[in-house]
Amino acid sequence: MSTDKIIPAEIVREFTAPRQLVFDAWTQVKHLNNWMFPMPGCQCEFVSANIVDGGSSLHKVTMPNGHEMWLYTKYEEVVSPEKLVFLQYFSNENGDIVPMPHIPNWPRDMLATLLFEELSDDKTKLTFLWEPRNPTPEELNAFEATRSEHGNGWGAGMEQLHIYLESLAG
Amino acid sequence: MSRLKTTHDVFSAIGEPRRRVLIEQLVLKEMTVNELVDIVQWPQPTVSKHLSVLKKVNLVSERKEGRFRYYRIEPKELRPIQEWIHQFEKYWGSTMDQLDNYLNQIQMKGVDSEH
């Protein structure tokens, strides 16, 4: 690897809502249970939540097909309404961390940094940074290999690959 | 552990940016080493070295035709990788779609969430 510096993966989104509300949606269980899942038709249940600096939470996402996924989150910084930093892990129902099943060298500690920016009274910009913390070289490789067009990731050819693989599916 | 080892090797193999460039080229068509060298403009031993790593983890296969060796990608080995490539964007991107819907919903209902 030519570089030691980790460039985080990044998602930037704008929400039509006040900054405080967007922040609360990430830090209050009454909100979290309603949206913290990757597709419609899932259910989310926080069984424990102490969302403060140094706190943690455990929640279960039930997929539409009934598959259950447990996620354990350690919160490092909870700065209302501007910043949230956490480490999130796959876990079991006791909150014991389990390794990613598909990629043995997936970084154990994935750090999420969320920055909430007020654009206007009812517009909020959210920047979501995702990066391995203190990865081993193998973990860093796995992280770099799975990222898309950014940084050291795949070039434009990835789009070709995608089209190609889609064509094989049919 | 041998099954895990294979997966691990595949991800290590594509952790090297130059090997990703070769894969991207081979996705377009089957090629010889020399054809790849013409495109990427690296020394031939470099191309050969990286190809051999990709071959070792079965991402690329080799076919002899006359005095040429043609290299092609093995799509079934690449598919799981492709699924993981957009993992972060997919998972958190879709999760934020849910957040977007939820925020629109509760604001329409006028739920008081200020503190």
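A: Happy to! In this predicted model, 42% of the contacts in chain A with a separation of 6 or more are between residues 24 or more positions apart. Chain A has 170 residues, and 28% of them are buried. Its four helices and seven strands follow the order β-α-α-β-β-β-β-β-β-α-α from the N terminus.

Now to the core itself. The largest nonpolar core contains 23 residues, and Val22(A), Ala25(A), Leu114(A), Leu126(A) and Leu103(B) have the most contacts inside it. At least two residues each come from strand 1 (9-15), helix 1 (19-27), strand 5 (83-91), strand 6 (110-120) and strand 7 (123-132) of chain A, and from helix 6 (87-109) of chain B. Helix 1 of chain A gives the largest share, five residues.

Leaving aside residues up to four places away in sequence, Leu126(A) touches Arg13(A), Phe15(A), Val22(A), Leu114(A) and Phe116(A). There is also a second, separate core of 22 residues, with Phe143(A), Ala145(A), Val27(B) and Leu78(B) among them.

The axes of helix 2 (residues 17-28) and helix 4 (residues 44-56) of chain B come within 10 Å and cross at roughly 80°, so helix 2 of chain B is roughly perpendicular to helix 4 of chain B. Where they meet, helix 2 of chain B brings Arg18(B), Arg19(B), Leu22(B) and Ile23(B), while helix 4 of chain B brings His50(B), Leu51(B), Val53(B) and Leu54(B). By class, that contact has five nonpolar, one polar and two charged residues.

Methods: Residues are numbered from 1 along each chain as its sequence is written. Chains are lettered from A and ligands numbered from 1 in the order in which they are written. This is a predicted model: local features need pLDDT of at least 70, side-chain atom pairs count only at pLDDT 80 or more; totals for chains, interfaces and linings use all residues. A residue is buried if 20 or more other C-beta atoms lie within 10 Å of its own, exposed if 12 or fewer, and partly exposed in between; C-beta atoms are placed from the backbone. Two residues are in contact if their C-beta atoms, placed from the backbone, lie within 7 Å. A nonpolar core is a set of buried Ala, Val, Leu, Ile, Met, Phe, Trp, Tyr and Cys residues joined through C-beta atoms within 7 Å. Axes are lines fitted to C-alpha atoms, for helices over the stretch in contact, and angles run from 0 to 180 degrees between N-to-C directions. Angles under 35 degrees count as roughly parallel, over 145 as roughly antiparallel, 65 to 115 as roughly perpendicular and the rest as oblique. Ala, Val, Leu, Ile, Met, Phe, Trp, Tyr, Cys and Pro count as nonpolar, Asp, Glu, Lys and Arg as charged, and the others, Gly among them, as polar.
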